[in-house]
Amino acid sequence: MTARTRVDGWAKVTGAARYAADHRLDNLAHAVLVTSTVPAGRIAELDVTEAERAPGALAVITHRNAPRLSPAGDFYVQTVLPLQDDLIRYEGEPVAVVVADRLERAGEAAALVRVTYETAPATVELDDALPDAYRLGAYFEPITSSVGDVAAGLERADVVVERTYTTAARHHSTMEPSATLAEWRDGMLTLYDATQGVFNVRDAVCAALDLPADRVRVIAEYVGGGFGCKGFVWPHQLIAPMAARTVGGAVKLVLTRAQTFTSHGYQPPTRQTVTLGAARDGRLTAIRHTSVNSTSTYADHLEMAAICSRAMYACPAIETDHLLAPVSTVLPTPMRAPSDGPGMVALESAMDELAYELDIDPVELRLRNYAERDPTKGRPFSSKALRACYAEGARRFGWADRPMRPGALRDGNDLVGWGMASATMATFAAPASARVSIDADGRVLVEAGSQEIGTGTRTVLCQLAAEALGCPPERVTIRLGDTTLPPTGMTAGSSTTMSVGSAVQLAARSLRTKLASMALAEGDAPAELARLDGDALVVEGAPRTPLRELIGDDPVGAEASWSPSTADVSMHTFGAVFAEVRIDADLCLPRVSRLVGVYSAGRIVNPLTARSQMIGGMTWGIGQALLERSPVDRRLGRFVNKNLAGYLVPVNADVPELDASFVDEHDEHAGTVGGRGIGELGAVGVGPAIANAVFHATGTRIRGLPIAPETLLRGDGDGRD
Ligand code: MOS
């Protein structure tokens, strides 16, 4: 379809777009959190007298005087309600919130809250918690899986590769820190919130504060990046409304950058073991993939890292398993490309190791194990064009010229390496509804509760509505991010284009049918008969009708809902990623010099915004491979780098020209849109492709990401500190 620049681009670059903290409310008070400085124990002493007397202080809320909260429901995965008891479960847990008339005064008063702790021993590192690892009873997907006989498959294999890989704890690092403005007025609570799910927030706030749904409205017009950290509901989203109710007005609570490391989840570190058995010709006889990730001591977050091994390669025997190890940090949470992202680091590194054991080209090895059907579920894929991705990616990269031997591509003082990996991401969808209406001047309004988190949702929905209505996109306005609009799911799991897009298409088609029927004065005229032409409707077999004559002064609209079907297919996105690294032989500094990704995701509605998603994701992959990690200090139980100076994300100088493209495809199972969703796919496969390229450059296999210069200098293949 058509490449279009963002419909909200002007609003964003001129500052007209309002993010949660940008909203100006009358008599707005400011809240500042006081958070625990120890990872475990209880509050020994808490003295708020000075804070309460500080200039401008309106309220100091602690566990002693906080309103009692009720359980906040399924989207409050954290489970522990804020300011309800004196226990400390993680460093950064709120112990008080101070509200004052001005932000500076709130900060001043917060500094006057005196807290001492009775500390308890705390385990904060995944490795230290392994002896306490446990298996969850149930999760969204089965926790274990088994098809065929893995032991027999390994027995009959000519080659067995068994390796353990680690991925680091990482933080989302959105440009917009989480923020909640809560206004309590006339018994009605309005929240302006940085969230990927306005309905989740409403439901959690209603449950926690015992309010009916019609007394709470949540608005998220624009969100400055979510990546998962704004998906579920976190303590500050309950604290802000609690504070607003306490002072009887409007309160603004913005997390500091440091608080974004502890006030919502992070991506947990994983430790994964992959066992591959293969015949001499490369065909897999067995796959076993097990993973353990850190979770908190009080609630569970499972990173389903082994899920990728259930569907990626054809193999008669596949086993997967997942364990959790409890640590005293805030609860981890999904982060862009959850599960498959860390999981493919292990599977695709192991495949590369197998390729070297067998002396088979890494692309060829993957083709010999190409899965035509989902090998675990035994179902066909909804659509899969991965073969074309391998071929096109190899062609664009020039893979045919690659020498198999590591260390063969030296260029001056640079060790050069070429590596590749597959990419895959489970596809998610959620029930969604939308309303499309038109006024007498031919202006179209599309409304859905769903959020724009920076991915281009407004633009894509605008295009889909215009296409379905038969009108130019310039006529269409999109309203999103409000619980008073038709309900949708959260903006997560790359689900929005398929889910909300389908609802918008259905509503637009239904409106077109309605207009055609009105023009022809007969029921259910085919939508295709009608076409919008400015402020008039053109219908085959009828005169051109001005809309004002047809519909009068009031807009006419149609609403529609879409739900994922339970069709018997397995739905995943796929891709092939090729990386070139250059490593200064003296400094051991790895740099990515070329990156090619070719993807299979069904129909691409807007090639421009889609490419932006892919190069954004690929940049995340560079971070995963080389830069991003959040180590925890064992003595203090704190994340060490609680700022963007110490937590390294790729900057322009780290990112070469990125070559991202899609194969032409339409997935008839992917809603009425035909596209499977891409927001996370780009962040998969890049990490292992780069790690494999590092091996190809150096002959040293690094099994822990990120690959830091010191790891390479040490050359022991262990990425841990
Ligand atoms: Mo995403 S990690 O499902 O917001």
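This is a predicted model: local features need pLDDT of at least 70, side-chain atom pairs count only at pLDDT 80 or more; totals for chains, interfaces and linings use all residues.
Next I checked the length of α10. The helix runs over residues 386-397, twelve residues, and at 1.5 Å a residue it should span 16 Å. I got 16 Å between its end C-alpha atoms, which agrees.

Then I listed the buried residues of α10: L386, C389, Y390, G393, A394 and F397. They sit on the same side of α10, because they cover an arc of only 120 degrees around the axis.

What do the buried residues of α10 pack against? I found α9 (362-368), β16 (414-426), β24 (572-584) and β25 (590-600).

**Salt bridges**

I searched the whole structure and got 50 salt bridges. I went through a few of them.

I looked at E319 and R288, whose side chains meet at 3.1 Å, N to O. E319 is in strand β15 (residues 318-327) and R288 in strand β14 (residues 284-296), so this pair ties together parts 31 residues apart in sequence. Buried or exposed? I had to write "partly exposed" for E319, at 25% relative accessibility, and for R288, with a relative accessible area of 26%.

My next pair was E580 and R594, a salt bridge at 3.4 Å, N to O. E580 belongs to strand β24 and R594 to strand β25, and the pair links distant parts of the chain, 14 residues apart. I noted E580 as buried, with a relative accessible area of 7%, whereas R594 counts as partly exposed at 26%.

Then I turned to E665 and R676, which form a salt bridge at 3.1 Å, N to O. I placed both E665 and R676 in the loop between β28 (658-662) and α15 (686-698), so the pair ties together parts eleven residues apart in sequence. Both E665 and R676 came out buried.

Last entry: I followed salt bridges that share partners and ended up with one network joining R163, D352, E353, E357, R701 and R703.

Terms used: Residues are numbered from 1 along each chain as its sequence is written. Side-chain values use heavy atoms; hydrogens and water are left out. Helices (H or I, at least four residues) and strands (E, at least two) are DSSP runs, numbered from the N terminus. The expected span of a helix is 1.5 Å times one less than its number of residues. Buried means under 20% relative accessible area, exposed over 50%, partly exposed in between (1.4 Å probe, protein chains only). The arc is that of the directions from the helix axis to the C-beta atoms. Contact means heavy atoms within 4.5 Å. A salt bridge is a side-chain nitrogen of Lys or Arg within 4 Å of a carboxyl oxygen of Asp or Glu.
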